[in-house]
Amino acid sequence: MLSTLSGGRGRANTAAGDRRLIWIFLTLGLLVISPDLLAHAIAQGDKGYIQETTGVNLIAFMYLGAKHMVTGYDHLLFLLGVVFFLYRMQHIAIYVSLFALGHSTTMLLGVYFNVGINSYLIDAIIGLSVVYKALDNVGAYQRWFGFQPNTKAATLIFGFFHGFGLSTKIIEYEISPDGLIPNLLAFNVGVEIGQLLALAMILIVMSYWRKTDGFLRHAYTTNVAMMSTGFVLIGYQLTGYFVA
């Protein structure tokens, strides 16, 4: 009887913990999509600097790139989804490199050739990338459609969209053509440095979490929470698109 009661309390505590985890992710999602923290928005001071600066400023643009990635919650959510069930460093390196390749390519080419996409639509697609990866992590595609999408190709393709999200914002800020290429390259180097720093923090937390008994128990709930946050991002951006 006592063991039954203890088991019941354990399941109740697990369910309560799962609900708390979902609410935490949803709350974070609502916070980060406030008007001052749009997915690819750059702080007003940084925006003014980009608009006013001319010439080559490698260190400054490298800093801006790193800052954007470390504070870019949409990038970090997708990155978390990508590495969630990757245990070997070689596999992590492959997927992160594919994401970096896609992100860098469209960011650089988009700004250089002045190819912009509506910021609401591109950010909605970026929210979709979070939803896609969360569904992939819980095996939804195999259960629903009986096949597994190519995860490497998806990581690269969504990396392209993440890069377009940033290039669209940079174009809106009318960066000076004087020193454009060196500054863009420095910005991209900063983005990759920021990505490595963020990835290191994610992997440290994940390494400790995976050693606990609750990892597999909460993995599904965490991905559902990530998916819910992605849907919130999509809804917010599409609302902005149709209202603006």
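Predicted model: local features only at pLDDT ≥ 70, side-chain atom pairs only at ≥ 80, totals over all residues.
Q: How many helices does the protein chain have?
A: Helices (H or I, at least four residues) and strands (E, at least two) are DSSP runs, numbered from the N terminus. Walk along the sequence and the pattern reads α-α-α-α-α-α-α-α-α-α. The chain has 0 strands, and its number of helices is 10.

Q: Which residue forms a salt bridge with Asp 136?
A: The closest N and O atoms of the pair are 2.8 Å apart. Both residues are buried (under 20% relative accessible area; exposed is over 50%, partly exposed in between, with a 1.4 Å probe and protein chains only). The partner is Lys 133.

Q: Lys 169 and Glu 172 form a salt bridge, but is Glu 172 buried, exposed or partly exposed?
A: Both sit in helix H8 (residues 151-172), 3 residues apart, about one turn of the helix, and their closest N and O atoms are 3.6 Å apart. Lys 169 has a relative accessible area of 10%, so it is buried. Glu 172 has a relative accessibility of 40%, so it counts as partly exposed.

Q: How do H4 and H5 run, roughly parallel or roughly antiparallel?
A: Helix H4 (residues 73-83) and helix H5 (residues 89-112) pack with their axes 10 Å apart, at an angle of about 150°. Axes are lines fitted to C-alpha atoms, for helices over the stretch in contact, and angles run from 0 to 180 degrees between N-to-C directions. Under 35 degrees counts as roughly parallel, over 145 as roughly antiparallel, 65 to 115 as roughly perpendicular and the rest as oblique. That is why H4 and H5 are roughly antiparallel.

Q: How many nonpolar residues does the contact of H4 with H5 have?
A: Contact means heavy atoms within 4.5 Å. On the H4 side you'll find His 75, Phe 78, Leu 79, Val 82 and Val 83, meeting Ile 92, Tyr 95, Val 96, Phe 99 and His 103 in H5. Ala, Val, Leu, Ile, Met, Phe, Trp, Tyr, Cys and Pro count as nonpolar, Asp, Glu, Lys and Arg as charged, and the others, Gly among them, as polar. The contact of H4 with H5 has no charged residues and 2 polar ones, and its nonpolar residues number 8.

Q: How many charged residues does the contact of H4 with H6 have?
A: The axes of H4 and H6 come within 9 Å and cross at roughly 20°, so the two helices are roughly parallel. Asp 74, Leu 77, Phe 78, Gly 81 and Val 82 in H4 meet Ile 126, Ser 129, Val 130, Lys 133 and Asn 137 in H6. By class, this contact of H4 with H6 has 5 nonpolar and 3 polar residues, and its charged residues number 2.

Q: How far apart in space are Leu 233 and Ile 126?
A: Leu 233 belongs to helix H10 (residues 215-243). With 3% relative accessibility, Leu 233 counts as buried. In sequence, Leu 233 and Ile 126 are 107 residues apart, while in space their C-alpha to C-alpha distance is 8.5 Å.

Note on methods: Residues numbered from 1 in each chain as written. Heavy atoms only, no water. Salt bridge = Lys/Arg side-chain N within 4 Å of Asp/Glu carboxyl O.
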